[in-house]
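Dear colleague,

I am passing on the structure below, and after it I set out what was found there. Please read the notes with the structure open beside them.

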Amino acid sequence: MLDRLDQGTWPLNLVEEIYLFGSYIRGALEVGDIDVVVQHTTDERWKQESLNALFNGSDSYVTMRQALRGLRRGISFQFQERRTLEEEGFELLLLWRRGEPVALARQRLDAITPDPAAGRAPRDHVLPPYETIADLLPRPVRIDLHRLCTDGAATVSALPLPDAHPRSAAAAAHAEERWTSNSPLRRAATAALAYLESTGQVLDRVEVHGQYLHHGTTDDDIDCFVDLGWRYWRRVKRYLGDGQAWFEVLPATARKPLRALHITPASRA
């Protein structure tokens, strides 16, 4: 990540500060993810792409997240959250600030003392239904789910998602036409659709990762939004208010066991 920052290409030229927090800075020998806070400015290109993401219901930070970590996993980003985390009492370690040499950031990393007794930091805003898979949920998502559930607006359940294919010919054709046979997204989508179908859900009233399964469908016709990458998270409160559910696969992988969250309006539950 530091090497990428040093190159300074867009959008990394917008990054102003990088902080670390959590068990990594306490010297824990094993961590789920390295928790990283990114503070950044914006420019006209960023504003336009963020606006497009808002209208499309997608994550405006996909580009910056990929620019920072490439295809690697193991880093959990919090964007523009420094003040909030400090107010909540989290200890933050400055890693890098614009204008500083990357060599200084490496010295700060080297100064972290390994501590076998440190252990992993407990995750905040965790509810019992997803306690065992909390590491798979970005912290902002956990905060929103915790608030929705404690306010009585939603219920959430976590479940294993076995590989399966829906009986619906239209749903199966949608997945086949949209993704290649070895695509992790296809695997996740077909497993999610098969599960929902087994619960009695009419698949014509399901949207999958931004696309309807039936032509002529509108958002008002949808009972459940199937997500394969937090696409619907920022609009979930609106969907729940309209009596619609959200089904998130965590994550869409090629071989590892699939897990899912099923978030439903409290009135429907």
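What percentage of the 269 residues in the protein chain do buried residues make up? Buried residues, meaning those under 20% relative accessible area with a 1.4 Å probe and protein chains only (exposed is over 50%, and partly exposed lies in between), make up 44% of them.

Please bear in mind that this is a predicted model, in which local features need pLDDT of at least 70 and side-chain atom pairs count only at pLDDT 80 or more, while totals for chains, interfaces and linings use all residues. Residues are numbered from 1 along each chain as its sequence is written, and side-chain values use heavy atoms, with hydrogens and water left out.

The protein chain has 9 helices and 10 strands, which are DSSP runs numbered from the N terminus (helices H or I, at least four residues; strands E, at least two). Its C-alpha trace spans about 60 × 40 × 35 Å along the principal axes.

Turning to the aromatic rings, those of Phe, Tyr and Trp (its six-membered ring) pair if their centres lie within 6.5 Å, and planes under 30 degrees apart count as stacked, over 60 as edge-to-face and the rest as tilted; the count comes to 9 aromatic pairs. F21 and F90 form an edge-to-face pair, because their ring centres are 5.6 Å apart and their planes stand at 80°. F21 lies in strand β1 (residues 15-21) and F90 in the loop between α4 (82-87) and β4 (93-97), so this pair ties together parts that are 69 residues apart in sequence. F21 counts as buried at 4% relative accessibility, whereas F90, at 28%, counts as partly exposed.

With kind regards
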